[in-house]
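Before you build anything on this model, I would like to go through its backbone and its charged pairs with you.

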Amino acid sequence: GVFTLDSLAFTLYGGRQRGAVTVDLSRDVPAYTIRTTITGLDVNRALAATVNMPNVLLGTGAASGTVTGSGSTADVIERSLAGNLKLELRNGTLKNYPLLANVNQLLGITGGTGSDTRFESLTATAVIGRGRAEVPDLALQAGELRMLGRGTVKFDRMVDFRLHAILSGEKSQQFAQRLRPVGLARDAKGQIDIPITVRGSAMAPTTRVEVGTYAKQRVREEIESGLLKLFDKDRP
């Protein structure tokens, strides 16, 4: 009652897939296991065809992992999906997307024009289950900017990410004075850590630079410094 294709190879959105597919028909509800390795994938074509998100992410990508599911209809199978995927994209572009655009427009630290942002690499692991993909290790490199963080992508295309845009090199020196009034300063390594949250629809999420925590810390430090000076002044 178990049907297996191993190995299974075909072209997929400009790339090539190799792996295996197993269908267990011995159960009341069919169960599926897919083991895949994809290289040379046209990410824009894949996103447009599978989740109706065209012209958001451009570049050539790779993916590998194992996904399981069960059911007899597409909706039921989607809700049952579970597994892990490793994703990698090189020399890509985020188009019309605020994930980096707001930071980029403020600082001008990466390539691209308008709301488009070019980057050298984007890697992530997707842990699939319960109608969502948990991403514990998003990492993006764009010029002197690194974007690190974690978040969730639901199958209904809602996202919730907490990220850190880490600015280093000459750009961190150039913008240190500009960012200090909002509580952001260079650390011991000469880097500036800009906290960002991304929430809402994957097509048009709300991006927010979270400087409140840093500003509060700065005020607290100034108060403590003032108290210490006052105590020192009153000492005999």
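1. A residue is called exposed when its relative accessible area is over 50% and buried when it is under 20%, with partly exposed in between. Please keep in mind throughout that this is a predicted model. With that cut-off, Asn91 is exposed, because its relative accessible area is 64%. Asn91 is found in strand β5, and its phi is near 50°, a positive value in a residue other than glycine. Most residues other than glycine have a negative phi, so I would look at this position when you review the backbone.

2. Asn55, which is found in the loop between α1 and β4, has a phi near 55° although it is a residue other than glycine; at 44% relative accessibility, Asn55 counts as partly exposed. Tyr13 takes a positive phi near 50° in the hairpin of β1 and β2, where two residues lie between the strands.

3. The peptide bond from Asp6 to Ser7 is cis, with omega near 0°, and Ser7 is found in strand β1. Asp6 itself is exposed, with a relative accessible area of 54%.

4. Turning to the overall arrangement, the model has an open sheet of 11 strands, whose order is β1-β2-β3-β4-β5-β6-β7-β8-β9-β10-β11 and whose pairing is antiparallel. The edges are held by β1 and β11 (206-209), and because each of these has a single partner strand, one side of each is left without a neighbour in the sheet. Neighbouring strands of this sheet are turned by 10° against each other on average, with direction ignored.

5. How many salt bridges does the model contain? The count comes to six. Side chains of opposite charge can pair when their charged atoms come close. One of the pairs brings together the side chains of Asp6 and Arg35, at 3.6 Å from N to O. This pair links distant parts of the chain, since Asp6 lies in strand β1 (residues 2-12) and Arg35 in strand β3 (residues 31-42), 29 residues apart. Arg35 counts as partly exposed, at 43% relative accessibility.

6. A second pair is formed by the side chains of Asp137 and Lys86, which meet in a salt bridge at 3.8 Å from N to O. Here too the pair links distant parts of the chain, with Asp137 in strand β7 (residues 132-142) and Lys86 in strand β5 (residues 82-94), 51 residues apart. Asp137 is partly exposed, with a relative accessible area of 30%, and Lys86 counts as partly exposed at 41%.

7. Asp160 counts as partly exposed at 26% relative accessibility, as does Arg162 at 46%.

8. Is Ser121 buried or exposed? Ser121 is buried, because its relative accessible area is 14%, which falls under the 20% cut-off. Ser121 lies in strand β6 (residues 117-129), and, leaving aside residues up to four places away in sequence, it touches Leu89, Arg90, Ala139, Leu140 and Gln141.

Note on methods
Residues are numbered from 1 along each chain as its sequence is written. This is a predicted model: local features need pLDDT of at least 70, side-chain atom pairs count only at pLDDT 80 or more; totals for chains, interfaces and linings use all residues. Side-chain values use heavy atoms; hydrogens and water are left out. Helices (H or I, at least four residues) and strands (E, at least two) are DSSP runs, numbered from the N terminus. Buried means under 20% relative accessible area, exposed over 50%, partly exposed in between (1.4 Å probe, protein chains only). Contact means heavy atoms within 4.5 Å. A salt bridge is a side-chain nitrogen of Lys or Arg within 4 Å of a carboxyl oxygen of Asp or Glu. Two strands pair if DSSP finds at least two bridges between them. Axes are lines fitted to C-alpha atoms, for helices over the stretch in contact, and angles run from 0 to 180 degrees between N-to-C directions.
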